Amino acid sequence: MEESMETVVIGGGAMGSATAWQLARRGRPVTVLERFTPGHANGASHGASRNFNTAYAEPTYVSMLAEALPLWRELEVETASRLLRQVGVVNHGPNPSFDRVAAALSQAGLGAEFLAPEAAAERWPGIRFDGRVLFAPDAGRVNADAAVTALQTAATAAGADVRHGIRVLRLEVQGDDRVRVTHETGTIIARRAVVTVGAWTSGLLAGVVPVPRLTVTQEQPAHFALRDASPAAAARAETEWPGFNHTPARSDLRYGYWYSPVYGMYTPGQGIKAGWHGVGPGTDPDARSFAPEPVQLAALARYVREWLPGADPDVPDPVSCTYTTTVDEDFVLDRVGPVIVGAGFSGHGFKFTPAVGRILADLATDAAAAPPLFALNRRPNAAAGGWLSRR
Ligand SMILES: Cc1cc2nc3c(=O)[nH]c(=O)nc-3n(C[C@H](O)[C@H](O)[C@H](O)COP(=O)(O)OP(=O)(O)OC[C@H]3O[C@@H](n4cnc5c(N)ncnc54)[C@H](O)[C@@H]3O)c2cc1C
């Protein structure tokens, strides 16, 4: 069967669902095609926790965070759900960017506080601190699963058509305002196609849109039980455990077994999540092992033993998830003719989700161009790294 429509969104993860929400609430007709069932764990948007860390220095990201915060709250009201808990995020370790980040946050009206490690340890005894601490009080934790569900619910309530279990096979550009989308059970002729397919981007857009090099890795953070297994401790952790980012100094042998900076947060009902960032094995999203790499996992448990006294390092519960990363770790948000691309969100995209949806919806309705930082044809600025760590 062939259908004709204004906008089709391909990929119903966080970014595609947010785009559909933004288009539908503007009264624009939109259909989402998602290949898997609701709540699937094959991509990058599943699980009950993501850091909403505000500690960035790059102005584009800081302004997107300032935009995303009230949008998360609007989504919560629209869906009567609780998505974002502002428990704060602590950033520590020998990182030269702290002062620049604190200045950028203050300029944007977002909180930034420096604490001595002793004062931080008193406040958060479950974490051992490594030098000066940059605390971001407006930061916190987002429930990823609940957020994707809320976005799709709100989009549907505003008129969007969200279809699961439909895999798109190819796109053919047939003019400035015409693209043919072939999926498993039919074809769609659309004025605009928004492609937010995460790890599958390079494959689906090959020969259609020149996307920059995207590296797909299988990442494996893990949950560690709270040392204090009492219900009271779990209740305290829900509101008191901050998200955390710990940056190593490459030259210091103490960090010799580290793979990358470490990030983490408390996940209700699952414990303390901790993970290396962007160092998982390269993977084909359709041929994944979903199995943790044991040496990395052992190193992560050692990290927990040394730096997270509030967590039990002995029984890690691994999570498997994909990163899709550009050379400079900045996103791709751009349009070529009738095709809009949202990709390369690596391990730091979730916090920005509603603002990314707004930018992609603007591109789909010719309302505005995307920030140059995210242009398809930009010169990668690997040295940039305008934010504290990749979370
Ligand atoms: C382990 C881990 C930890 C993270 N932690 C954080 C964090 O603390 N803070 C933060 O801000 N970010 C974090 N992130 C990053 C964040 O989760 C991602 O950037 C974000 O979820 C990307 O969303 P997406 O919609 O681009 O991708 P996805 O969720 O992968 O969505 C793509 C969708 O497209 C669908 N699809 C693919 N091909 C087709 C097709 N041919 N037809 C139809 N549908 C298709 C897929 O099924 C999938 O649902 C983390 C990511 C991981 C993996």
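Helix α9 covers residues 353–364, and its 12 residues reach 16 Å from the first C-alpha to the last, close to the 16 Å expected at 1.5 Å a residue. Please keep in mind that this is a predicted model.

How much of α9 is buried? The count is 11 of the 12 residues, so α9 is largely enclosed by the rest of the structure. The buried set starts with Thr353, Pro354, Ala355, Val356 and Gly357, and continues with Ile359, Leu360, Ala361, Asp362, Leu363 and Ala364. Both helices and strands take part in covering these residues: among the elements involved are α1 (14–24), α2 (59–79) and α5 (144–157), together with β12 (186–195), β20 (332–336) and β21 (339–343). Just after the helix, Asp366 takes a positive phi of about 55 degrees.

**How α2 meets α5**

Two packed helices are described by the angle between their axes and the distance between the axes. Here the axes of α2 and α5 come within 10 Å and cross at roughly 65 degrees. That makes α2 roughly perpendicular to α5, because angles of 65 to 115 degrees are counted that way. The crossing is left-handed. On the α2 side, the residues in contact are Trp72, Leu75, Glu78 and Thr79, and they meet Ala147, Ala150, Leu151, Thr153 and Ala154 of α5. By class, this contact of α2 with α5 has six nonpolar, two polar and one charged residues.

**A closer look at two residues**

Ala364 belongs to helix α9, while Thr182 sits in strand β11, residues 178–183. Are they buried or exposed? Ala364 is buried, with a relative accessible area of 0%, and Thr182 also counts as buried, at 10% relative accessibility.

Leaving aside neighbours within four places in sequence, Ala364 is in contact with Leu23, Arg191, Arg192, Val194 and Ile340. With residues up to four places away likewise not counted, Thr182 touches Val168, Leu169, Arg170, Glu172 and Thr187.

The table sets out one C-alpha to C-alpha pair for each of these residues.

| Pair | Apart in sequence | Apart in space (C-alpha to C-alpha) |
|---|---|---|
| Ala364 and Val319 | 45 residues | 34 Å |
| Thr182 and Glu172 | 10 residues | 8.4 Å |

Notes:
Residues numbered from 1 in each chain as written. Predicted model: local features only at pLDDT ≥ 70, side-chain atom pairs only at ≥ 80, totals over all residues. Heavy atoms only, no water. Helix = DSSP H or I, 4+ residues; strand = E, 2+ residues; numbered from the N terminus. Expected span 1.5 Å × (residues − 1). Buried < 20%, exposed > 50% of the residue type's maximum accessible area, 1.4 Å probe, protein only. Contact = heavy atoms within 4.5 Å. Axes fitted to C-alpha atoms, helices over the stretch in contact; angles between N-to-C directions. Parallel < 35°, antiparallel > 145°, perpendicular 65-115°, else oblique. Left-handed = near helix turned anticlockwise from the far one by under 90°. Nonpolar A, V, L, I, M, F, W, Y, C, P; charged D, E, K, R; others polar.
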